[in-house]
Amino acid sequence: FVKHWDKIGVQISRLTNLMNDVLILGRTEANKMPFNPEPVDLVAFIMRFIEQNYLSLEDGRTVMLSVEGSRRNVGLDENLFSHILGNAISNALKYSKGRPNPEVKVHYEEDSYTITIKDYGIGIPKKEQANLFESFFRAQNTSGIEGTGLGLVIMKQFVKMHQGTIKIESIEGKGTSVIIRFPYQLN
Ligand code: ATP
Ligand code: MG
């Protein structure tokens, strides 16, 4: 009996997530998504984010963080940035079950900084890599792994609002790196 409630709960949260993503996308495309960048200690923010969301995962894995360059405050909208980070890290984890921990790397460079989310998972077939930013697109090797195919579309919009760029490098069967670059100076 308890089992059924469990399953119903899972379905409800699945549906809630899907609705949230559709609403977020609609709001973004209508230019109604609030954007309030503020100075943020990125490394502290990511550490907190990992602690709050990915510390005690059922499979005992976690997310590793490393930093290169000198730490400084950057202009970010914390709400939008949480979505960016959340989808990238959840992807890294769910597409690499049973493999080593995903890694997040922050690299402070001269005029811009990058955040790389790297995993050692199933990767993305080369011929499908061009379609990743289409709504509802899911690569063929994802059967049996849950998802809607909206996460990357939302991420890309939010990265663009921060005047950033997003690039994905992947080798099927080996792993994936999502590289997000933001300028320090927002115009
Ligand atoms: P959701 O809408 O819940 O995020 P999703 O994870 O399937 O669903 P996206 O995050 O938009 O959707 O990713 C789109 C597709 O890109 C995925 O279905 C998968 O095929 C591929 N992909 C994205 N990140 C990874 C990754 N780290 N490793 C392997 N494939 C990935
Ligand atoms: Mg996703």
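This is a short walk through a predicted model, from its metal site to its helix packing and then to a few individual residues. Residues are numbered from 1 along each chain as its sequence is written, and chains are lettered from A and ligands numbered from 1 in the order in which they are written. Local features need pLDDT of at least 70, side-chain atom pairs count only at pLDDT 80 or more, and totals for chains, interfaces and linings use all residues, while side-chain values use heavy atoms, with hydrogens and water left out.

Let us begin with the metal. The magnesium ion (ligand 2) is held by the OD1 atoms of N87 and N91, at 2.2 to 2.4 Å. Donors here are N, O and S atoms within 2.8 Å of the metal (3.2 Å for Na, K and Ca), and water is not among the atoms, so sites may look incomplete. Both N87 and N91 belong to helix α3 (residues 78-94), where they sit four residues apart, about one turn of the helix. Helices (H or I, at least four residues) and strands (E, at least two) are DSSP runs, numbered from the N terminus. N87 and N91 are both buried, a word that stands for under 20% relative accessible area, with exposed meaning over 50% and partly exposed in between (1.4 Å probe, protein chains only).

Helix α3 also has a helical partner. Two packed helices are described by the angle between their axes and the distance between the axes. For helix α2 (residues 42-54) and α3, the axes come within 11 Å and cross at roughly 55°. Axes are lines fitted to C-alpha atoms, for helices over the stretch in contact, and angles run from 0 to 180 degrees between N-to-C directions. α2 and α3 are therefore oblique to each other; angles under 35 degrees count as roughly parallel, over 145 as roughly antiparallel, 65 to 115 as roughly perpendicular and the rest as oblique. The contact divides into 10 nonpolar, three polar and one charged residue. Ala, Val, Leu, Ile, Met, Phe, Trp, Tyr, Cys and Pro count as nonpolar, Asp, Glu, Lys and Arg as charged, and the others, Gly among them, as polar.

A second pair is worth a look. The axes of helix α1 (residues 2-29) and helix α4 (residues 151-161) come within 10 Å and cross at roughly 35°, and this crossing is left-handed. Its contact residues include I24 and L25 of α1 together with I154 and F158 of α4.

Now for some single residues. Y184 lies in the segment after β7 (175-183) and counts as buried at 15% relative accessibility. Its C-alpha atom is 5.3 Å from that of S112, although Y184 and S112 are 72 residues apart along the chain. T114, in strand β5 (residues 112-119), is buried too, with a relative accessible area of 6%.

Finally, turn to the backbone. Most residues other than glycine have a negative phi. N31, however, has a positive phi of about 60°; N31 sits in the loop between α1 and β1 (38-41) and is exposed at 72% relative accessibility. Q163 also has a positive phi, near 60°, and is found in the loop between α4 and β6 (165-171), partly exposed at 33%.

Methods:
Left-handed = near helix turned anticlockwise from the far one by under 90°. Contact = heavy atoms within 4.5 Å.
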